[in-house]
Amino acid sequence: MENSWITPNGNSNVNDFKFDIVLEKGKFDIDASSHTLLQLTTEKTFYNPDVLVKNKVFNRHTGFAYESIRSFVDKMISGEEFYVTLREAANVTLAILAIMESAQTGKPVKTDLIEQ
């Protein structure tokens with residue numbers, strides 16, 4: 001299991017967004033980094049426009065990657081409350097740590113989440 005915002009500079013995608021679950025009798029995959037949400041095919045070409053991460057609206061970059069970073073910077077400058085609270089972020093981190101510990105030990109791990 002890997003979770004981070006840091007990938008090598010040579011990565012072909014600004015956002016490596018993949019999620020795979022392999023089960024006993026099936027498999028579930030999400031790969032939004034390949035930008036195959038929209039596929040355009042003509043008689044001469046095939047095109048996968050990036051409508052999730054690097055698209056532009058009115059010549060301004062937009063999409064979930066840009067907007068989340070832009071929101072964070074705007075809130076830092078304005079001093080307004082973040083959309084994701086420190087408590088929520090800490091609870092996500094605690095859950096990820098519990099998942100990692102469970103994967104190492106092979107046993108369920110109880111997590112004491114931070115209450116409001």
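This is a short walk through one predicted protein chain, from its overall layout down to a few side chains.

Okay, housekeeping. Residues are numbered from 1 along each chain as its sequence is written, and side-chain values use heavy atoms, with hydrogens and water left out. Since the model is a predicted one, local features need pLDDT of at least 70 and side-chain atom pairs count only at pLDDT 80 or more, while totals for chains, interfaces and linings use all residues.

So how confident is the predictor? pLDDT is its confidence in each residue, on a scale from 0 to 100. The chain has a mean pLDDT of 81, and 78% of its residues get to 70 or more. Element by element, the lowest mean, 72, belongs to strand 3, residues 40–41. At the other end, helix 2, residues 86–105, has the highest, at 93.

Now the layout. You'll find two helices and six strands here. What order do they come in, starting from the N terminus? It goes β-β-β-β-β-β-α-α.

A few totals for the chain. It has 116 residues, and 14% of them count as buried. Buried means under 20% relative accessible area, exposed means over 50%, and partly exposed is in between, using a 1.4 Å probe and protein chains only. The accessible surface is about 10,100 Å², and carbon and sulfur atoms make up 59% of that. Those areas come from the Shrake-Rupley method with a 1.4 Å probe, and for residues only the protein chains shown count as cover. As for contacts, meaning heavy atoms within 4.5 Å, take the ones between residues at least 6 apart in sequence: 13% of them join residues at least 24 apart.

Let's zoom in on the loop between strand 5 (56–57) and strand 6 (60–61), where phenylalanine 58 sits. Its phi is near 50°, which is positive, in a residue other than glycine. Phenylalanine 58 is also exposed, at 83% relative accessible area. Asparagine 59 is in that loop between strand 5 and strand 6 too. Asparagine 59 has a positive phi as well, near 65°, and is exposed at 68%.

On to helix 2. Its 20 residues reach 28 Å from first C-alpha to last, close to the 28 Å expected at 1.5 Å a residue. That expected span is 1.5 Å times one less than the number of residues. Within helix 2 we have asparagine 91. Buried or exposed? Asparagine 91 is buried, with 12% relative accessible area. And what does asparagine 91 touch, leaving out residues up to four places away in sequence? That would be Leu113 and Ile114.

Threonine 105 belongs to helix 2 as well, and is partly exposed at 44%. A polar atom of the threonine 105 side chain lies 3.3 Å from the backbone nitrogen of lysine 107. Just after helix 2 comes glycine 106, with a positive phi of about 75°.

Last stop: salt bridges. The rule is a side-chain nitrogen of Lys or Arg within 4 Å of a carboxyl oxygen of Asp or Glu. How many salt bridges does that give? Three.

One of them pairs glutamate 67 with arginine 70, and their closest N and O atoms are 2.7 Å apart. Where does that put them in the fold? They're three residues apart in helix 1 (residues 64–78), so about one helical turn separates them. Both ends are partly exposed: glutamate 67 has a relative accessible area of 33%, and arginine 70 has 22%.

Another joins glutamate 80 and lysine 75, at 3.3 Å from N to O. Here glutamate 80 is partly exposed, at 47%, whereas lysine 75 is buried, at 11%.

And then there's aspartate 112 with lysine 110, where the closest N and O atoms are 3.6 Å apart. Aspartate 112 is exposed at 60%, and lysine 110 is exposed at 71%.

Key. Helices (H or I, at least four residues) and strands (E, at least two) are DSSP runs, numbered from the N terminus. pLDDT is the predictor's confidence in each residue, from 0 to 100. A polar contact is a pair of N or O atoms within 3.5 Å; within protein, one must be able to donate a hydrogen and the other to accept it, and residues adjacent in sequence count only if both atoms are side-chain atoms.
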